[in-house]
Amino acid sequence: MDAANCEQACSLVSKSYISQGQQALAKRHRLIKTLLSSRRLPEQGWDEPTIEAFVQDCALMDSNNFLDNVGAGEREGRVACPLVARQHYHLAHGIGRSGDIAAEQPKAAGSSLLAKMTMLLATDALRVAGLQDLGSVTVLPLATGMAMTMTLLAIKAGRPRDARYVIWSRIDQKTCLKAITAAGLEPVVVELQQRGDELCTDVQAIEQGIERLGSDAIAAVVTTTSCFAPRASDDVVAVARLCATSGVPHLINNAYGIQSSSICRDITAAWRKGRVDAFVSSTDKNFMVPVGGALVAEGSKLRGLVAAVNKTYPGRASVSVHLDLLMTLLHWGSQGWQKVLKEREELYPHMKQVLEGVASRHGQRVLHTPGNPISLAMTLDQGALEQLQDYTFIGSMLWARCVSGTRVVPKAKQQTVAGIPFTGYGSHTSAYPHVYMTAAAALGGSTSEADVFGARVDKCLLEVVAKAGGTVNGGNKQECMNS
Ligand SMILES: *Cc1c(COP(=O)(O)O)cnc(C)c1O
């Protein structure tokens with residue numbers, strides 16, 4: 001209802017009532033106007049009707065929803081199933097044009113507006129999370145691994161013809177390695193250094209790798225910030241400095257690092273003090289939306305890669321990933337986003353305490369990994385558990401007890417990933433001295449979930465020891481079975 005229609009309505013219903021209703025409408029319109037002009041997260045999250053009104057208005061601006069539209073082409077945003085049309089708010093044209101995913105789609109002014117606004121709000125959300133000196137940001141309808149591949153392809157296009165190596169600080173997650181090989185590049189694995197319990201970046205080995213191969217043969221150095229303990233977040237500042245002096249691009253896999261203020265600080269320091277071409281982050285892990293999207297972001301000092309990634313993307317894309325992120329960011333607003341970030345920071349010490357409790361009851365210990373602000377690890381091979389033959393079944397037991405997200409990492413597992421043989425696969429290093437399990441203090445997790453998790457691990461370990469016929473803290477088998 002615009003002003004003209006409200007005036008018409010006054011002939012049907014009392015003017016004073018209509019004008020009250022009109023003011024209510026105007027309030028929602030002002031929220032939308034402020035969003036369009038400020039291009040930032042609203043301070044307070046929006047209510048659902050306002051979010052829906054905004055999205056529905058945009059949908060009606062797309063040509064597939066024009067009342068008098070006649071489609072004579074092969075891509076007219078036709079949707080057969082009404083359920084599907086509703087699931088997508090009748091947005092069917094997608095975004096981008098064949099040459100650029102960030103380009104406006106002429107048939108879809110509304111979708112184009114939604115996509116642009118998503119990019120702007122995501123940029124603001126990164127600022128709120130603690131990233132400073134941001135350059136361009138893009139939202140890709142690809143999960144982290146594929147977004148890494150796209151970004152590496154864009155980097156490769158700007159490198160000397162023979163640049164085919166990627167120097168890669170080891171992280172045992174298959175996607176990370178496949179992201180490199182899928183881009184037609186050759187990973188050069190740089191093993192980590194163990195310092196105390198923690199596995200840290202071997203900056204010197206990366207430097208030697210660059211010298212040995214020569215800058216022109218290297219497409220990029222890839223580091224990773226968010227990872228399973230006992231691996232620490234890579235020393236992105238030191239690597240950024242190396243990359244600046246050697247003229248080699250530096251791409252950071254920041255899969256779920258946006259949720260950590262200390263990782264945001266490290267990345268900011270890295271692109272201030274050295275070379276960072278971009279980082280890639282998952283939308284589902286950082287913003288609690290369904291899997292499918294990633295952000296690629298660059299600093300203000302070295303710009304160009306994000307635009308290159310947008311241009312590398314072949315074809316159009318679904319707007320669904322953008323829509324999920326946009327709705328979520330509008331739902332949170334700046335305050336809601338800050339709240340979930342704060343709750344996550346508070347979850348870490350809580351999760352640590354829970355694990356320490358379990359560890360002390362079972363003669364285990366939480367590994368000392370101050371360089372990892374999200375993931376924690378607890379030994380499983382001390383005391384009464386030392387004699388176990390097989391540890392992986394502890395993971396299955398937890399899974400069977402509805403605990404998800406933990407990993408039990410055995411020693412010396414051999415595995416070949418993307419054609420590269422690894423020893424100790426899963427532990428980020430060839431000979432980690434412990435069998436351990438991991439747990440994460442991740443965005444969206446709650447302290448009560450952590451408590452239940454602790455109780456289930458507790459119970460599970462008691463069962464394990466009881467079955468093995470051993471003892472826990474001097475207690476006998478019978479005692480364990482009764483607890
Ligand atoms: C989750 C994750 C990936 C894989 O991400 P997808 O979104 O599944 O592609 C890669 N690297 C790291 C460090 C991750 O945490």
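Helices α3 and α5 pack with their axes 6 Å apart, at an angle of about 135°. This is a predicted model, where local features need pLDDT of at least 70 and side-chain atom pairs pLDDT 80 or more, while totals for chains, interfaces and linings use all residues. Residues are numbered from 1 along each chain as its sequence is written, and side-chain values use heavy atoms, with hydrogens and water left out. Helices here are DSSP runs of H or I with at least four residues, numbered from the N terminus; axes are lines fitted to C-alpha atoms over the stretch in contact, and angles run from 0 to 180 degrees between N-to-C directions.

Phe54, Val55 and Cys58 of α3 meet Gly110, Leu113 and Leu114 of α5, contact being heavy atoms within 4.5 Å. That makes five nonpolar residues, one polar and no charged.

As for α3 itself (residues 48-60), its buried residues are Thr50, Ile51, Phe54, Val55, Cys58 and Ala59, buried meaning under 20% relative accessible area with a 1.4 Å probe, protein chains only. Their cover includes α2 (15-38), α5 (109-129) and α13 (320-361).

Further along, α14 (residues 392-400) and α15 (residues 447-468) have axes that come within 10 Å and cross at roughly 130°. These two are therefore oblique as well. On the α14 side, the contact is made by Phe393, Ile394, Met397 and Leu398; α15 brings in residues including Arg456, Val457 and Cys460. The tally for this contact is eight nonpolar, no polar and three charged.

Terms used. Parallel < 35°, antiparallel > 145°, perpendicular 65-115°, else oblique. Nonpolar A, V, L, I, M, F, W, Y, C, P; charged D, E, K, R; others polar. Buried < 20%, exposed > 50% of the residue type's maximum accessible area, 1.4 Å probe, protein only.
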